[in-house]
Structures are given as C-alpha cells and as structure tokens.
Amino acid sequence: MDHSGRDIHAIDPPDCVIRVVQLTDTHLCRRAGGTLLAMDTDHSLQVVIDRVLRERQRVDLVLGTGDLADGGASEAYERLLGYFSQVTEHHYWLSGNHDDRAAMESALDRPERLSRELRVGGWQILMLDSQVPGEVGGELGPAELEALERALSAAEEASLYTLVCLHHQPVKVGCEWLDEQMVADADRFFAVLQRHPGVRGVLWGHVHQEIDRDYRGIRLLASPSTCIQFAPGSANFRADDRPPGYRWLDLYEDGRIDTGVSRVTDVAFTVDLESGGYL
Ligand SMILES: [Fe+2]
C-alpha cells in the first residue's frame, strides 16, 4: 500500500526498456485438452508460449487480459499459473466475461497477480476490471473510473507514463455482434484519459482479433486470442481461420510504445468455422 491507501505492486525493471507480452483469451477449460469450437485451448496456449520463448529474448511481464478460463473453473486457473510461469514469474491477470473472480483468487499463488496498479521503471500499468458478473458486455462503473482517475493523477505526480489494460473493448471494432458488448461507459473512460497526457496506450482482449489505432495520441490495441479468432468486419458471430497468437509491447523511457503481433505459423489447428456462436 502507498500513502493514499492504494495497492500498488512495484516490479524492478532489469533494463530501461520494459518488455511486455500480452496473452489473452486463453479460454482454458476445466480439464486439460478441453475444446472451444473444436480447438484444444491448452494445446494452442502451449504452442503460443513456445513461440514467445523462441522469439522474445527477454520478457519482463506477461499481461493476461481476461477470458483466462472458459467457464471460470479453478482447475483452469491452476493450470494457467504453470503456463504463464513458463514465460516469467511476473504475470498479472484480469477478469473477462468468462472468468470467475473468486475462483481466480482462490487458485492464485500470489494475490498481487490481480493488482490494479503495477509500476515498473518509468511506467504504470493499470489493470481495470470491466467485467459485469453474469453479463457478456463490459462496463467499468463509477468505482473503477474513480480509481483510474486517482491512479492517473498519482502517475502524473511521479512522472510515469501509463498503459491502461482492460478486458472489453472501449471502442467499436467493426463487428456488429461484438460492438454491442463494448464498454458501456466508454465515453466516461475516455474523458478521464484525456485529462492525463501521460496515458500512452489502451490494451484489451475480448475481440479475438488484432487492432492498432491512434486516438488523440493514445495507442488503442487489441490482440489475437491464444485460441480461436473472430473474423473482422462480421455482422454476426463468425470464427476466423487465422491462427492463434500473442502481442508484444516494448515500453520506452520516453513514453514510446513499440508493439506487434505474432501468430503461429508452424502448427495446424482444428477449428469449427461453421459454428454460430460460442457464448
Ligand atoms: Fe474471449
């Protein structure tokens, strides 16, 4: 806890560039080998992690941005600990609409994995909870928005840049069925961000596709799932044949973000492209 009573988890950076990997929407089932649209989500996650380990020389932290378990089973979170720990001991988790926060907490080895505020080098990484229990769509709500405002004010005082993470998308992505699920109070969210010029990026999961846009100097980023993908531009639910992947982000001392997506190219996956939905 800091003097304001906020729970801030500090990580010592080994270098001036902070190397982050986002692994999102892992959708692990209760039992290893369980499938989503015929894809084995344990297998696809392991293949993506193998790729991270081959491609990234150093990973300082992993951000798991929600839908970590498909049905919120504690067994899935227990396995997830093992998967993410292959990359780094510094991995942090967010709740998505498929997750069960209580099951997550009980499965965790360290409570700080669910910290809202992380500080590493010249950066603050905020993990906001957009989950509305029992709902598919997201909303931050007044308490989360107030916490965001306080954290951004504190970051400004400490001259930190900020990357804001949440599960649901705060902007329309061009898929009508997904756009109905975007963060309900996104206008208020952006109004807060606009008051704080240190905010450099917003990163989310949920949409199972890659997005990289600029909004008034803030990088807006979404990423492939480590399992099934959603087809961009689809009016109704449609799975995509693009392979699983991950996003890497390098955070620089001057506030710059370098980022990209890497998808699996050397393993063939089974996916049911005719499915009408997965929720
Ligand atoms: Fe998801």
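1. Helix H2 is 12 residues long and spans 17 Å between its first and last C-alpha, close to the 16 Å expected at 1.5 Å a residue. The model is a predicted one.

2. Several residues of H2 are buried: Ala-76, Tyr-77, Arg-79, Leu-80, Leu-81, Tyr-83 and Phe-84. The elements covering these buried residues include strands S2, S5 and S6, together with helices H1 and H3, the latter at 101-107.

3. The sheet is open and has 5 strands, in the order S6-S5-S2-S15-S16, and its pairing is mixed. On average, neighbouring strands here are turned by 20° against each other, direction ignored.

4. Within this sheet, S2 (residues 18-23) runs parallel to S5 (residues 61-64), and the pairing comprises 4 bridges. In one of these strands, S5, Gly-64 is the bridge partner of Leu-23.

5. Two helices pack on the sheet. Helix H1 (residues 41-55) touches S2, S15 (245-251) and S16, and its direction makes about 35° with that of S15. Helix H2 (residues 74-85) touches S2, S5 and S6, with its direction at about 145° to that of S6.

Key
Residues are numbered from 1 along each chain as its sequence is written. This is a predicted model: local features need pLDDT of at least 70, side-chain atom pairs count only at pLDDT 80 or more; totals for chains, interfaces and linings use all residues. Side-chain values use heavy atoms; hydrogens and water are left out. Two strands pair if DSSP finds at least two bridges between them. Axes are lines fitted to C-alpha atoms, for helices over the stretch in contact, and angles run from 0 to 180 degrees between N-to-C directions. Contact means heavy atoms within 4.5 Å. The expected span of a helix is 1.5 Å times one less than its number of residues. Buried means under 20% relative accessible area, exposed over 50%, partly exposed in between (1.4 Å probe, protein chains only).
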